[in-house]
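I opened the notebook to look up aromatic contacts.

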Amino acid sequence: MNVIHLEKNITSKKQEKQEEEFEINIRPHNFDEFVGQSLLKKNLKILIEAAKKRKEMPEHIILYGPAGLGKTTLAGIIAKNLQGKLKITSGPAIEKSGDIAALLTNLEQGDVLFIDEIHRLRTNLEEMLFSAMEDFAIDLMMGKGAGAKSMRLSLPPFTLIGATTKIGSLSSPLRDRFGFLGKLNLYENEEIEKISLRSAKILDIAIDQKANQLLAKCSRKTPRITNRLIKRLRDFAHHKNSPKITLPIAQEALKNLGIDEIGLDENDRKFLKTIIEKFAGGPVGLSTISVALNEDKETIEELIEPFLIQEGFLKRTSQGRVTCAKAFNYLNLPLPVNQKSLF
């Protein structure tokens, strides 16, 4: 399998290279092992089984939703069900038309091509995918200038799976060429508990029920964060010469990591305090916050804000970002008079 893959905090949904081997080992290998996303799994099974009966490849698939929910894992399960190879790349890694041509011409019949962050694929490169997706063929230009000729090259049937956290950023022509759009939702705490128990077993460490419940609450409803935290809790257990992760060990570990009982970390608290203390709780524009925090806008939008919005700490309005009453209560700060009309 070919994998092309801010200073990161522990609750970041972004995957680092050193995590790849761990995630490969801990990743579910079939739909039964994959916890959660029941409706999506059911529809994917139908798509795959129906295609097999017709002796065809399934339609091209878009998987979208927040980072860390299992889009890459599902792509691997789909490829395994189709008995094909999974070829992995990402939108930013594809820089020129030759990159796409190389990816496509190296595919074999039944393979699955997975493009992560497909919304970041350059618009001028999308057109090369269109004929490949529709006709299983690509047009290559041979030579330069007046003597250049176009040559059409046939491709074996394959399925393209695109993953994105920003479905609205896909161009309409590209989005319309995917026959199946599947959304991954944030997980319930009960599902996260099942995932952490499975991961703990693979890591050969026991975990108490109460410790596991606390871990689930701190995982921001995201399996990637769950798996990252379970490794750190295992380290603390081994440091304490304990054969299991107990509630006191989990509490001490999370405190040392700067994570509270609802999953907020130092970056979240700094973000909220900045809006409240420097901008009276908002509204304030994203660019202004980015400068104040010395953090890029994409990191704020994709890695910090979603959980705060979902948990009711923050609102995005037409005028800018506004901290909610819950944020003031959380930080034990009085709600400014000018904010009260916003809630």
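**Aromatic rings**

I started with Phe158, which is buried at a relative accessible area of 1% (buried is under 20%, exposed over 50%, partly exposed in between, with a 1.4 Å probe and protein chains only). The model is predicted, so I noted the limits: local features need pLDDT of at least 70, side-chain atom pairs count only at pLDDT 80 or more, and totals for chains, interfaces and linings use all residues. Residues are numbered from 1 along each chain as its sequence is written, and side-chain values use heavy atoms, without hydrogens or water.

I then looked up ring pairs. Rings of Phe, Tyr and Trp (its six-membered ring) pair if their centres lie within 6.5 Å; planes under 30 degrees apart are stacked, over 60 edge-to-face, the rest tilted. I got two aromatic pairs by this rule.

Phe136 and Phe158 are edge-to-face, because their centres are 5.6 Å apart and their planes at 75°. Phe136 sits in the loop between α5 (123-135) and β4 (137-142), and Phe158 in the loop between β5 (149-154) and β6 (159-164), so the pair ties together parts 22 residues apart in sequence. Phe136 is partly exposed, at 25% relative accessibility.

Phe313 and Tyr330 are also edge-to-face, with centres 5.5 Å apart and planes at 80°. Phe313 is buried, with 1% relative accessible area. Tyr330 is partly exposed at 23%.

Last, I checked for charges over rings (NZ of Lys or CZ of Arg within 6 Å of the ring centre and within 35 degrees of the ring normal). The charged end of Arg177 sits over the Phe130 ring, 3.8 Å from its centre.

Notes
Helices (H or I, at least four residues) and strands (E, at least two) are DSSP runs, numbered from the N terminus.
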